[in-house]
Amino acid sequence: MSNIKYLILRRITQIGLLVLYFGAHAYGWKMLSGTISSSSVLGTIPLSDPFAVLQMLAAGASLGLDVIVGAIIVALFYGIIGGRAFCSWVCPVNMVTDAAAWVRRKLLIDKIERKVWVTRNARYYMIAIALVVSAVAGFAAFEIVSPITIFNRGVIFGFGAGAGLLVAIFLLDLFVLKNGWCGHLCPLGGVHSLLGKYALLSVKHNSDNCTLCMKCKDVCPEVQVLNMIGKRSERVVQPECTNCGRCIDVCDDDALGFDILALGNTK
Amino acid sequence: MSTKNKPEITARRRFFTDAAHHAGLGLLGGLLWAGYADKARSSVLTLRPPAALPEADFLRTCIKCGLCAEACRNRDSNIDKETGKPRPETLKMARADTDGVTVGTPYFVARDVPCYMCDDIPCVPACPTGALDEASVTNDEGELDFRKMDMGLAVVDTNSCIAFWGLQCDLCYRACPLMDEAIKLQYNRNPRTGKHAFLEPVVNKDVCTGCGLCEKACPTEKAAIFVLPREVALGRPGSHYVKGWDKKDQQRVGERKMEDITTHDKRSEKKAADYLNDGVSYE
């Protein structure tokens with residue numbers, strides 16, 4: 001069990017949040033209502049997607065106080081504590097892309113397919129494009145194509161043809177580009193990378209225990225962040241790490257673990 | 001060909017090619033995306049929740065959270081007397097396959113489930129962004145007032161409305177939450193029979209909120225009274241038409257006199273006799 005501990009915890013949070021959202025609409029539960037774009041906790045505390053708010057501002061919207069406060073709360077939480085944890089602990093599309101990565105490993109697709117190279121910085125260009133298109137179109141541009149909100153709303157209000165987009169993301173990750181969506185293209189992931197750059201929670205490597213089995217690099221969706229494995233004992237500092245904890249799960253040698261940075265201590 | 005002529009890939013060349021590559025891909029993506037976004041706008045016939053901002057502002061301000069639809073579904077008001085449960089929810093969130101409504105935005109189809117015009121208007125305060133503007137449905141006493149809702153305007157197709165045929169039907173009149181205000185029955189003599197009256201429903205545009213209860217109630221196969229967004233339903237006579245018999249409208253033009261108003265266009269540069277005869281040959 002110890003090699004899937006964080007995986008199970010993540011699935012519980014991801015699915016649990018969807019259940020709460022679903023119940024809020026279907027049965028009037030008050031715990032967490034709305035959608036991942038903007039929610040209300042216990043009918044009082046607002047939570048909103050900072051990227052959606054940014055696009056809306058780029059589109060020239062004058063926004064209510066609730067949604068601004070909600071975006072600030074979310075940005076502070078991930079900025080100070082969670083890092084890019086949204087992507088692996090909250091975002092429902094993570095389950096789709098994890099499934100594609102799992103099938104990829106089982107079918108040994110990486111060993112066979114011809115490589116398509118796309119920069120992992122594409123997501124940052126996507127942010128810029130999303131903001132420009134929002135300004136030109138006059139509404140939040142990513143929000144009309146986002147598989148994240150389409151998945152989330154699909155669970156609450158019914159999928160319809162939106163399910164096709166999720167199948168497309170699955171096929172993209174499976175047959176076109178490894179970790180294509182979450183690891184290369186998704187601008188929301190880019191925003192959360194930037195937001196969580198200086199967060200307190202991160203994975204720490206102890207190279208003294210490392211046996212160079214490289215299991216962590218097999219499962220990591222952002223494998224470039226594990227560049228210190230077997231070389232240096234240090235924290236994962238690259239902002240693209242989603243704090244998913246898969247590397248910690250699969251490590252048999254106790255060479256990886258979560259680490260909460262005490263303020264002022266950068267080692 | 002000698003190898004000497006092979007172009008050298010300098011750092012400078014690499015830099016400019018890379019820059020062009022990135023800019024080009026960015027432009028390609030942006031054009032595709034903007035093209036799709038343009039097509040993703042809602043149809044002008046979309047009915048929005050009460051107190052929604054004008055469509056362009058609504059689209060830029062709505063975050064697609066669905067809190068209005070949730071409040072609509074789980075409201076305390078408008079309980080169905082027969083089942084003891086709230087009536088079905090009016091507001092839906094557009095899905096990818098919903099025709100003509102931007103994905104993720106709230107809308108309603110009056111013929112399916114009209115707006116029941118709850119006293120407490122639960123959907124509006126639920127909005128976190130101001131896309132549903134609470135001030136627009138708040139009266140002078142600071143209370144939410146469903147009379148101030150404006151989702152659209154009911155329009156009667158007098159060709160297919162059976163009351164205009166002379167049949168007795170006042171379903172829309174009775175379904176209206178603002179009965180005898182938003183829809184009035186206009187009595188007209190029926191010359192075909194000589195002894196009956198037409199009871200014709202006529203909508204007062206200043207009172208109707210566009211809730212759609214009339215459209216839902218209409219017994220014809222396809223509703224003969226239906227709600228359209230106000231911009232679609234109404235014409236615009238233009239400011240130069242003045243109701244001279246209406247004191248208020250007359251004030252609009254104030255003291256302007258006819259002699260002060262002259263029209264200048266291309267034709268008025270020449271005298272009529274000149275421009276009328278221009279280009280005419282008398283041979």
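In the predicted model, chains A and B meet through 30 residues of chain B and 43 residues of chain A. On the chain B side, the helices α1 (11-39), α2 (55-61) and α3 (67-73) each supply at least two residues. Among the elements of chain B, α1(B) gives the most to the side that touches chain A, with seven residues. Sorted by class, this side of chain B has 13 nonpolar, ten polar and seven charged residues.

Chain B is divided into domain 1, residues 41-149, and domain 2, residues 152-232. The C-alpha centres of these two domains of chain B lie 24 Å apart. Their contact takes nine residues from domain 1 of chain B and 14 residues from domain 2 of chain B. On the side of domain 1 of chain B that touches domain 2 of chain B, there are eight nonpolar residues, one charged residue and no polar residues.

Chain A is likewise assigned two domains, with domain 1 covering residues 2-194 and domain 2 covering residues 198-260. Between the C-alpha centres of the two domains of chain A the distance is 23 Å. Here 24 residues of domain 1 of chain A are in contact with 20 residues of domain 2 of chain A. Two or more residues of the domain 1 side come from each of α1 (5-27), α3, α4, α5 (93-106), α10 (180-185) and α11 (187-195) of chain A. Helix α3(A) gives the most to this side, with five residues. The residues of the domain 1 side divide into eleven nonpolar, eight polar and five charged.

A:Arg84 is placed in the loop between α3 (65-82) and α4 (85-90) of chain A. This residue counts as buried because it has 29 C-beta neighbours inside 10 Å, where the cut-off for a buried residue is 20 or more. Apart from neighbours within four places in sequence, A:Arg84 is in contact with A:His192, A:Ser193, A:Gly196, A:Pro239, A:Glu240, A:Cys241, A:Thr242 and A:Asn243. A:Arg84 and A:Asp259 are 175 residues apart in sequence, and their C-alpha atoms are 14 Å apart in space.

Two of the contacts of A:Arg84, A:His192 and A:Ser193, are also among the buried residues of α11(A). Eight of the nine residues of α11(A) are buried, so this helix is largely enclosed by the rest of the structure. The buried residues are A:Pro187, A:Leu188, A:Gly189, A:Gly190, A:Val191, A:His192, A:Ser193 and A:Leu195. Their cover includes α2 (50-58), α3, α4, α7, α8 (147-157) and α10 of chain A.

Nonpolar side chains tend to be buried together in soluble globular proteins. In this model the largest nonpolar core has 115 residues, and those with the most contacts inside it are A:Ala141, B:Cys68, B:Cys123 and B:Ile225. Helix α7 of chain A, residues 122-137, gives the most to this core, with eight residues. A second, separate core has 15 residues, including A:Val203, A:Cys216, A:Val236 and A:Cys244. Within chain B, the contacts of B:Cys68 beyond its neighbours within four places in sequence are B:Pro49, B:Leu91, B:Pro106, B:Cys123, B:Ala126, B:Cys127 and B:Leu132. B:Cys123, one of these contacts, is itself named among the residues with the most contacts inside the largest core.

Chain A also holds an open sheet of three strands in the order β1-β2-β3, with antiparallel pairing. The edge strands are β1 (32-35) and β3 (45-48) of chain A, each of which pairs on one side only. Neighbouring strands of the sheet are turned against each other by 15 degrees on average, direction ignored. Strands β1(A) and β2(A) pair over four bridges, and A:Ser33 stands opposite A:Ser40 in β2(A). The hairpin of β2(A) and β3(A) has three residues between the strands, and in it A:Leu42 takes a positive phi near 55 degrees.

Key:
Residues are numbered from 1 along each chain as its sequence is written. Chains are lettered from A and ligands numbered from 1 in the order in which they are written. This is a predicted model: local features need pLDDT of at least 70, side-chain atom pairs count only at pLDDT 80 or more; totals for chains, interfaces and linings use all residues. A nonpolar core is a set of buried Ala, Val, Leu, Ile, Met, Phe, Trp, Tyr and Cys residues joined through C-beta atoms within 7 Å. A residue is buried if 20 or more other C-beta atoms lie within 10 Å of its own, exposed if 12 or fewer, and partly exposed in between; C-beta atoms are placed from the backbone. Two residues are in contact if their C-beta atoms, placed from the backbone, lie within 7 Å. Ala, Val, Leu, Ile, Met, Phe, Trp, Tyr, Cys and Pro count as nonpolar, Asp, Glu, Lys and Arg as charged, and the others, Gly among them, as polar. Domain bounds come from an automatic or database domain assignment. Two strands pair if DSSP finds at least two bridges between them. Axes are lines fitted to C-alpha atoms, for helices over the stretch in contact, and angles run from 0 to 180 degrees between N-to-C directions.
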